[in-house]
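Subject: Structure handover

Hi,

Here is the structure I promised to pass on. Please open it alongside this email. My notes follow below.

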Amino acid sequence: MGLEKIKKISNNEILPLTISKQESRLYMSFIYVAIISLLIGGLMGLLQTLVRSNTITLPWGIGYYQILTLHGVVLALVLTTYFIIGFQFALMGKTVGISLKQRKVAWLSFWVMIVGTVMAAITILMGKASVLYTFYAPLKAHPVFYIGLALVIVGSWIAGFVNWHQLFVWKKKHPGEKSPLLAFMVAINMAMWFIASLGVAVAVLVQFIPWSLGYAETINVLVSRTLFWYFGHPLVYFWLLPAYMAWYAIIPKIIGGKIFSDSLARLSFILFLFFSIPVGFHHQLTEPGIDPVWKFIQVVLTFMVIIPSLMTAFSMFATFEITGRRKGFGGLFGWLKHLPWKDVRFLAPFIGMLAFIPGGAGGIINASHQMNAVVHNTIWVTGHFHLTVATTVILTFFGISYWLIPHLTGRKLTPQLNRLGIIQTIVWTVGMTIMSGAMHIQGLLGGPRRSAFSEYGGTEQASNWIGYQLAQAIGGSILFIGIILMLYIFIKLAFFAPKGIEEIPIAEEEEDAEPTPMFLENWKLWIAITLALILFAYTIPFVDIIQNSPPGSPPFAWPIGN
């Protein structure tokens, strides 16, 4: 559908566009890959917990680090990236439209990403890339793995350029008007992704590919890790911001309310853009070769990200309370009664919001100079990761799926599927609570991450971990049941649910909210500030790292079966 079909209503809001079948096919293609990745990655995660608890031994020479790599790459990179791009394309198509030419370029992004994903997956399955999703040097993978990663990044950039062009075309047709909130949020997220992924792209193209092809005998390990974590932390917010999009603009509509503040929502996304990238050193606090002063500076910048997170929490609970009181629910917490607890479109994201409270607290610990020393490289970090990404983000993505999939496939979320979705949400929450909780406790007891089960010579300390590893296996098994349920629900929503119309529930802003200042859309200023913060945080320490680096490392590769 062309942009000329946009209609205006009296209050200068834009009526949502209709998504055509051709557009739906594009958006669903990304989501199909995401759901397949959920099954594959979830199975690998289940196998990991069973191996770590000494419950099973992997057959046919399959290595633990082989499945660990597949689990991390498929879930943390493939599932999230494909779902986010498909979801964001749907939001852009609904709010600003997509032209035929833009759709063709979007298909190019999909196929470039598919080729790269297949290349990387094949090398992992062949045991030629057991380097985990962080692919830390000096562990070396087959060159095809790195080339595949580069193609996935390039494909995602193409998707970002399409999103920006969609918004650019809309703004040319609507001079002087504020852009739709969701389109603004998508543009911010893809800007953050593009700037951040430049780091990992440079590492892959300049360091890893020539090194893996044999053109370089050694690799600068510290430079490669610094470039990865320049990308690695904003990657977390690339996952998180689409969940925030649903929280800010979708959940209010589902509960029968309105957006608390359009301005606050836009400002929080701008702050995420500022402070999510120049903070990678807090992942390298125990790394030698980085000046402690710059580590401290980036820790301070890391804590700045707490501000937009708290803004979001305030906005969401203000929305809940205002909506509840308008419906006549009084008392201090009477507004809680109005929340649609039996609507899975609300319940799944809401549990995700609650999980972000302990998840965010754990992030503060991880980013703190002193406390990081206690938990660094323990399975506490893995437990934190599963609270933030595998609970907050994934549960919100599940909640999105319950209205997005039927909208794109022309079907309805039936009461039966809604009830099954609630069961799936509870199963997922129980499984993740058991598994992540056990990981956090074992981490405090010194249990390592990134390692298969080991009794460490029968030491007393290692014996204290075994019960928690068994708990992780129990939690992982429950989670896999949740994955099977989600796969069944997805198939029903995509192919077998009754035909019908399921709306994309985009909320309007409160009538008495303060008008959104137009300066919030000063893209040149926001990008300039972001780049200035990055240059401030990285230029001097990065030059110091290059000038004073130790000799480069020769490659190491895990043989098949290890």
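Start at phenylalanine 495, which lies in helix H16. Please keep in mind that this is a predicted model.

**Surface patch**

Phe495 belongs to a nonpolar surface patch of about 380 Å². Which helix gives the patch its largest share? That is H16, residues 466–496, with three residues.

**Salt bridges**

The structure holds 11 salt bridges. One of them joins the side chains of lysine 171 and glutamate 521, at 2.9 Å from N to O. Lysine 171 sits in helix H4 (residues 143–173), and glutamate 521 sits in the loop between H16 and helix H17 (523–547), so the pair ties together parts that are 350 residues apart in sequence.

**Helix packing**

Two packed helices are described by the angle between their axes and the distance between the axes. Take helix H2 (residues 64–95) and helix H3 (residues 100–125). Their axes come within 11 Å. They cross at roughly 175°. Angles over 145 degrees count as roughly antiparallel, and H2 and H3 are therefore roughly antiparallel to each other.

Which residues make the contact?

- From H2: Gln66, Thr69, Leu70, Val73, Val78, Thr81, Tyr82, Ile85 and Phe89.
- From H3: Ala106, Ser109, Phe110, Met113, Ile114, Thr117, Ile124 and Leu125.

By type, 12 of the contact residues are nonpolar and five are polar. No charged residue takes part in this contact of H2 with H3.

**Backbone points to check by eye**

- The peptide bond from alanine 137 to proline 138 is cis, with omega near 10°. Proline 138 is in the loop between H3 and H4.
- Asparagine 54 is not a glycine, yet has a positive phi of about 65°. Its place is the loop between helix H1 (21–52) and H2.
- Arginine 450 also has a positive phi, near 55°, and is a residue other than glycine. Look for arginine 450 in the loop between helix H14 (415–444) and helix H15 (460–463).

That is the handover.

Best wishes

Definitions and conventions:
Residues numbered from 1 in each chain as written. Predicted model: local features only at pLDDT ≥ 70, side-chain atom pairs only at ≥ 80, totals over all residues. Heavy atoms only, no water. Axes fitted to C-alpha atoms, helices over the stretch in contact; angles between N-to-C directions. Helix = DSSP H or I, 4+ residues; strand = E, 2+ residues; numbered from the N terminus. Parallel < 35°, antiparallel > 145°, perpendicular 65-115°, else oblique. Contact = heavy atoms within 4.5 Å. Nonpolar A, V, L, I, M, F, W, Y, C, P; charged D, E, K, R; others polar. Patch = residues over 30% accessible without salt bridge, like charges linked within 9 Å, V, L, I, M, F, W, Y side chains within 5 Å. Areas by Shrake-Rupley, 256 points an atom, 1.4 Å probe, with all protein chains shown as cover. Salt bridge = Lys/Arg side-chain N within 4 Å of Asp/Glu carboxyl O.
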